[in-house]
Amino acid sequence: MNPTTRRHLEWKFSQVFGERSPDDEILDADRISTVEFDKSGDYVAVGDRGGRIVIFETKDGKNTADQHYSRNQLEQLDYVSLNHPEYRYKTEFQSHEPEFDYLKSLEIEEKINKLKWCTSLSGSLFILSTNDKTIKLWKVKDRKVKKAREIDSPHQLLSSENTLLSEKSFMNEQGIPSFANGNHVESGVNSIFPSQELRSKIANYEDTAYARCRRVYAHAHDFNINSISNNSDGETFISADDLRINLWNLEVSNQSFNIIDMKPSNMEELTEVITSAEFHPIHCNLLAYSSSRGFIRLVDMRQSALCDYSARIFQDEECHGSRSFLTEIVASITDIKFPVDGRHILSRDYMNLKLWDMHMDSSPVATFKIHEHLRPKLCDLYNNDSIFDKFECCLSGDGLHFATGSYSNLLRIFFHGGGSDEGATIEASKDPNSIKNRKPLPRARRSSLSNLTRGFYKQGHESTSVVDEYSLNSSSKLQHLAWHPCTYLIACASGNSLFFYHA
């Protein structure tokens, strides 16, 4: 599929989970803190500030997106022809609890910072979760639970009980049907044993999922963990805090290897911190990490045990001219992502969304301006701490489209080869009256949504309304989002609500 073929996608509202009225106050513990699809797209996991993990699954089990396609195959099949899935609630569990570090007199909150799906084994799901200090590996498995069904009348219950008693009396001690004189009494068995239809009237089996913590990876970080990333080898993963990145084996929870250490001998000489880290999707020896100075470092773990000084640095030379205190803050990269083919790196800082070519480290190949209109207000944003807000980014499975969030619950979507004015702007909201017809930006084309009615699930339609991105509601911000790996479907979080949009 040529990048110019599907430039302007028509985005529509698909689903929403987390119902609330506009007047309801959102508890801080209920706010979503991370969203993650698994590799097949059949499951999506959500973590919140209360330490809980909620898992949703596709309504029809395995959907058409459960096959893994290469980029060429997606182009031949027409990527957008795959039907977008619909999700339902599967299970939820408490992953982390609040703790207190008595040695440091520090309270460790239960908030889930990141989630990462691991390879599924024997029909079980595995997922890594982390708060500020502790990483856990969870196993989620389906099991059948026998539940009694409702009985219409006492006579039906009595008849059913007598039938079961007759069945039990016909069993030996091992629970095997007994036979007279070694001969099969088939007619007796058929007449005494209840039929499958009668069994279903008494009880039925329902599928339910339960989660069990398999491993706990703790006591390896002095600073707050901001990233975890699985390796393509399926055996290892990394965890990153402000100054260090550790390499773990999934099977070994009591030992990790420090591969990057940015902590200076004198903390007064500290000039930057690690903000995000991600393994390359194909080459298990490559990983990238970003910093608060706006740098992206690509390291090869084969070159040395400690990878600090063998990094290839990606930096936007055009942005390193005249700098001030505020421009240094907004230059901090808050998130990086690799596409499936690993040929580019997508980064998000406070002001822009940037696409980098792995073979060109001097400047990004594309820059999409997100908060340029807020540049005159940086002082105000600093005073109310909004300038430190961290927004995530994501890519489509074919690597041609990118998305990120903004204030006022705005979702911004762009395509490869387009500019900042050629994307779509969507307001994530269940209120159909929340999107007004406003004056558009000059030369800007906007695609917005309406009819986002309240409810567990509601189909929507595209709208020709225009969202004025100069409006700023810092209390409502869309920071966490994820893109379905095999179709044009985005899951984004606003408060305690999870929205799905498809194209």
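Four residues, Trp11, Leu411, Ile413 and Tyr501, touch the most other members of the largest nonpolar core, which holds 19 residues. Two or more residues of this core come from each of β1 (12-17), β26 (410-415), β27 (424-427), β30, β31 and β32. Keep in mind as you browse that this is a predicted model.

- Strand β31 covers residues 489-494, and six of its six residues are buried, so the strand is largely enclosed by the rest of the structure.
- Leu489, Ala491 and Ala493 point one way from β31, while Ile490, Cys492 and Ser494 point the other way, and all of them are buried.
- On one side of the story is strand β30 (residues 480-483), which pairs with β31 in the antiparallel sense over four bridges.
- Within this pairing, Trp483 stands opposite Ile490 of β31.
- Ser494 has Ser497 in β32 as its bridge partner.
- β31 and β32 form a hairpin too, with two residues between them. In that turn, Gly495 has a positive phi of about 65°.

**The open sheet β16-β17-β18-β19**

- Four strands make up an open sheet in the order β16-β17-β18-β19, and their pairing is antiparallel.
- At the edges stand β16 (274-279) and β19 (311-314); each has a single partner strand, so one side of each is left without a neighbour in the sheet.
- From one strand to the next, the twist averages 20°.
- β16 runs antiparallel to strand β17 (residues 286-291), and five bridges join them.

**The open sheet β2-β3-β4-β5**

- Another open sheet of four strands has the order β2-β3-β4-β5, again with antiparallel pairing.
- Its edges are β2 (32-37) and β5 (87-94); each of these has a single partner strand, so one side of each is left without a neighbour in the sheet.
- Ignoring direction, neighbouring strands of this sheet are turned by 20° against each other on average.
- β2 pairs with strand β3 (residues 43-48) in the antiparallel sense, over five bridges.
- Phe37 stands opposite Val44 in β3.

**Aromatic rings**

- The count of aromatic pairs comes to 23.
- One of these pairs is Tyr350 with Phe391: the ring centres are 6.5 Å apart and the planes lie at 55°, so the pair is tilted. Planes under 30 degrees apart would count as stacked and those over 60 as edge-to-face.
- This pair links distant parts of the chain, 41 residues apart. Tyr350 sits in the loop between β21 (344-349) and β22 (352-357), whereas Phe391 sits in the loop between α6 (378-383) and β24 (393-395).
- Tyr350 is buried, with a relative accessible area of 2%, and Phe391 is buried as well, at 1%.
- In the pair of Phe499 and Tyr501, the ring centres are 6.4 Å apart and the planes are at 15°, so this pair is stacked.
- Phe499 and Tyr501 are both buried, and Tyr501 is also one of the core residues that touch the most other members.
- Six residues belong to one aromatic cluster: Phe17, Phe37, Phe56, Tyr87, Tyr89 and Phe500. Among them, Phe37 is the residue that stands opposite Val44 in β3.

- The charged end of Arg143 sits over the ring of Tyr210, 4.4 Å from the ring centre.
- Thr130 lies in strand β9 (residues 125-130). Its relative accessibility is 0%, and because buried means under 20%, Thr130 counts as buried.
- A polar atom of the Thr130 side chain lies 3.3 Å from the backbone oxygen of Thr134.

How values were computed:
Residues are numbered from 1 along each chain as its sequence is written. This is a predicted model: local features need pLDDT of at least 70, side-chain atom pairs count only at pLDDT 80 or more; totals for chains, interfaces and linings use all residues. Side-chain values use heavy atoms; hydrogens and water are left out. Buried means under 20% relative accessible area, exposed over 50%, partly exposed in between (1.4 Å probe, protein chains only). Two strands pair if DSSP finds at least two bridges between them. Axes are lines fitted to C-alpha atoms, for helices over the stretch in contact, and angles run from 0 to 180 degrees between N-to-C directions. A nonpolar core is a set of buried Ala, Val, Leu, Ile, Met, Phe, Trp, Tyr and Cys residues joined through side-chain atoms within 4.5 Å. A charge sits over a ring if NZ of Lys or CZ of Arg is within 6 Å of the ring centre and within 35 degrees of the ring normal. A polar contact is a pair of N or O atoms within 3.5 Å; within protein, one must be able to donate a hydrogen and the other to accept it, and residues adjacent in sequence count only if both atoms are side-chain atoms.
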